[in-house]
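Dear colleague,

I am handing over a structure for you to look at, and below it you will find notes on what came out of it. Please keep the picture open while you read.

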Amino acid sequence: MLLKIDLKNIMKKYAIIVAGGSGTRMGAPMPKQYLEIGGKPILMHTLSRFFEAEPKAELILVIPEKDFSLWKDLCVQYKFFIPHNLVSGGNSRFQSVRNGLNSITENEGLVAIHDGVRPFVNPEVIQESFEVAKEKGSAIAVVALKDSIRRLTDDGKSVYQERQYFRLVQTPQTFQIRKIKKAFDVTELHTFTDDATVYEHQGWQVSLIAGNLENIKITTPEDMAYAAYLFK
Ligand SMILES: Nc1ccn([C@@H]2O[C@H](COP(=O)(O)OP(=O)(O)OP(=O)(O)O)[C@@H](O)[C@H]2O)c(=O)n1
Ligand SMILES: C[C@](O)(CO)[C@H](O)COP(=O)(O)O
């Protein structure tokens with residue numbers, strides 16, 4: 001029997017996990033991505049989620065070059081064997097993502113970009129982000145707001161905003177490789193707060209998908225207590 005495989009439909013998948021930051025707002029003795037919760041460093045949980053969701057995806061971990069040996073020691077200490085490539089971080093999240101993208105030699109395929117400090121991403125969200133990005137070019141995980149919101153005005157007052165028109169933006173943010181590489185080949189702007197804003201700067205519309213509420217970005221000390229609770 002002849003097995004027909006449609007090579008065009010087998011797209012290579014990558015995930016860039018950015019963890020090049022210093023965790024200033026956490027104020028811990030070491031950058032927050034290496035802190036232990038639920039028995040292992042935060043970054044290992046995040047990499048495990050991607051491995052669970054997409055075992056064939058190539059994982060690229062972006063951390064400061066000075067931390068390479070610390071990370072390798074942690075992998076030995078925690079018996080962490082999920083395969084991944086290490087790439088040096090940059091001075092900003094934008095630059096860390098760009099370093100990750102530059103390490104991918106292919107132009108075809110899909111790449112998910114994810115904050116290393118979001119260890120609670122649902123594997124189903126990761127899978128959907130690849131499916132939607134394949135179809136539409138991009139997939140940005142977002143969640144609706146639960147609270148009312150107000151916009152502060154320059155005269156010290158505030159105005160009501162209709163919350164149904166707003167979404168909180170998470171990662172993964174997943175893209176067709178050719179397009180996101182082109183998008184990152186620009187001078188960094190202060191408006192580039194995530195990867196969606198970089199993509200949009202090309203005049204392209206992003207596609208939104210539903211994220212998961214627990215997929216918090218561990219940022220300040222209170223988040224550690226909540227994260228520890230979620231891991232129980
Ligand atoms: N130069 C940088 C800065 C940030 N990040 C990553 O981008 C994600 C989101 O950034 P943030 O939560 O702001 O992390 P930090 O920059 O470490 O935190 P802080 O702003 O409090 O210093 C994190 O996984 C962080 O490691 C990165 O890869 N390279
Ligand atoms: C990319 C991001 O996590 C989407 O919410 C967020 O914009 C990162 O912000 P930070 O100021 O770099 O933490």
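Which residues are buried in α3? In α3, the buried ones are Arg93, Phe94, Ser96, Val97, Arg98, Gly100 and Leu101, where buried means that 20 or more other C-beta atoms, placed from the backbone, lie within 10 Å of the residue's own, while 12 or fewer makes a residue exposed and anything in between partly exposed. Helices (DSSP runs of H or I, at least four residues) and strands (runs of E, at least two) are numbered from the N terminus.

Before going further, please note that this is a predicted model, in which local features need a pLDDT of at least 70 and side-chain atom pairs count only at pLDDT 80 or more, whereas totals for chains, interfaces and linings use all residues. Residues are numbered from 1 along each chain as its sequence is written, and chains are lettered from A and ligands numbered from 1 in the order in which they are written. The protein chain averages a pLDDT (the predictor's confidence in each residue, from 0 to 100) of 96, and 96% of the residues score at least 70. For the complex, the predictor gives an ipTM of 0.98 and a pTM of 0.96.

To return to the helices, α3 (residues 93-102) is mostly covered, with seven of its 10 residues buried, and these buried residues pack against β1, β4, β5, β6, α5 (177-183) and α6 (195-200), a contact being two C-beta atoms, placed from the backbone, within 7 Å. Helix α2 (residues 68-77), on the other hand, is hardly covered, since the count of buried residues among its 10 residues is one, and it is followed by Lys79, whose phi is positive, near 50°.

Next comes the sheet. Seven strands form an open sheet with mixed pairing, in the order β5-β4-β1-β6-β10-β7-β11, where two strands pair if DSSP finds at least two bridges between them. At its edges are β5 (85-88) and β11 (208-210), each of which pairs on one side only. Neighbouring strands of this sheet are turned by 25° against each other on average, direction ignored; for such angles, axes are lines fitted to C-alpha atoms, for helices over the stretch in contact, and values run from 0 to 180 degrees between N-to-C directions. Helix α1 (residues 42-53) packs on the sheet, where it touches β1 (13-18), β4 (58-63) and β6, and its direction makes about 165° with that of β4.

Strand β10 deserves a careful look. Seven of its nine residues are buried, so β10 is largely enclosed by the rest of the structure. Strand β6 (residues 110-115) is joined to β10 by four bridges and runs antiparallel to it, with Val111 opposite Phe175 and Ile113 opposite Gln173. Strand β7 (residues 138-143) is also antiparallel to β10, through five bridges, and there Ala139 stands opposite Thr174.

Finally, the ligands. Around ligand 2 are Arg93, Asp115, Val169, Gln170, Thr171, Thr193, Asp194 and Lys217, counting residues whose C-beta atom, placed from the backbone, lies within 6 Å. The largest share of this shell, three residues, comes from strand β10 (residues 168-176). Ligand 1 has 21 residues around it, of which Gly20, Gly21, Thr24, Arg25 and Ser96 come nearest.

With best wishes
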